[in-house]
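Take a look at the structure, then read on.

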Amino acid sequence: MQLETLLQQAEHAIKSTTSIQDLEQCRVEYLGKKGSLTEIIKTIGQLPPDERKLAGQNINLAKENIEQWIKEKSILLKNNQLKQQLEKETIDITLPGRDTGCGSIHPVTQSIEDLQRIFEQMGFISLEGPEIEDDEHNFTRLNTPPFHPARAMQDTFYFPNGLLLRTQTSAVQIRAMKYMQPPLRMISIGRVYRRDFDLTHTPMFHQIEVLVIDEDATLATLKHLLTQVLQAFFAREVTIQFRPSYFPFTEPSLEVDIGCIACNGRGTVCRVCKQTGFVEVLGCGMVHPHVLKMADVDTKRYRGFAVGAGIDRLTMLKYGILDLRSLFENDVRFLKQF
Ligand SMILES: [Zn+2]
């Protein structure tokens, strides 16, 4: 067969293949051991010597051409194959992904952050104290010396070495007065511990302590501060009422009620305020002069007021939670609602 014709045939055959297998077939047909081109090479020996060189060059050229066509076609076919495969195996990205579940902030944490923000905006500093306290800071310096009857108000967890789990964040105000000079505006938020467990008591709960020591700290400024803070916390108008009470470290001591959040103070059938229209939210009072003196505060110049509130209780009121224990059970179904 003429080389020229063979090349034309080969080019046509290679370019019209549609699969890798067919292409391989072509390669065998033209370049294989028994292929057409190989057959022509075998005929070189029969040519007159002066024609052999030229024929050899032509054949080599033809071989290179065929190899090149096969290479190009191979790339083309492989690309097509990949494209088809991709089309067939397309991932449908419109399918919604699996929900991994998103956590929420615990309502108590939310309250703590809210209170911190409200007080910090008013220029209060936020301090922390140890949860394992000594008797001195938790009781004695809060005007509750040993054998004082008020100690019975708080069932305390004691360690064998006489230390205790603090029963109130008030302990932090003693440390604050010890290390900082008045005027002083501070809050302290943290865990406190008492031996109690029922619908409205848990052995661990959260308190906020507020202390202001200033030349003109009065009950009036205290009431104003509480109104502002409670309105900011509950995000609504609140009515506030003082009731006389007793705490060893304040004099006078007061309990503070606000108009019931659940029934808007109407006092109709209401589980939260038990038909009184008011709910107790915190305790407060003017810091007892004895406490100030023990902390070396100049009582001729400075007076102070202090506030202590249960953050869990505030949280229950804010979100209408009836059982305090549900705050500590970490039931995701409950927590998800916030
Ligand atoms: Zn009510």
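Helix 3 (36-43) and helix 4 (49-88) each contribute at least two residues to the lining of the second largest pocket; helices (H or I, at least four residues) and strands (E, at least two) are DSSP runs, numbered from the N terminus. The model is predicted, so local features need pLDDT of at least 70 and side-chain atom pairs pLDDT 80 or more, while totals for chains, interfaces and linings use all residues. Residues are numbered from 1 along each chain as its sequence is written, and side-chain values use heavy atoms, without hydrogens and water.

**Second largest pocket**
- Its volume is about 250 Å³, the space filled by probe spheres set on grid points joined across faces, edges and corners.
- A pocket here is an open set of points on a 1 Å grid over the protein atoms alone, where a 1.4 Å probe fits, with protein on both sides within 12 Å along at least five of seven lines; lining residues have an atom within 4 Å of a point.
- Of its 12 lining residues, Leu3, Ile40, Leu47, Ala55 and Ile59 are the closest to the centre.
- Helix 4 gives the most to this lining, with 4 residues.
- The lining holds 8 nonpolar, 4 polar and no charged residues (nonpolar: Ala, Val, Leu, Ile, Met, Phe, Trp, Tyr, Cys and Pro; charged: Asp, Glu, Lys and Arg; polar: the others, Gly among them).

**Largest pocket**
- The largest pocket has a volume of about 1,300 Å³.
- Among its 47 lining residues, Thr200, His201, Glu280, Gly310 and Arg313 lie closest to the centre.
- Strand 8 provides the largest share of this lining, 8 residues.
- By class, the lining has 23 nonpolar, 14 polar and 10 charged residues.
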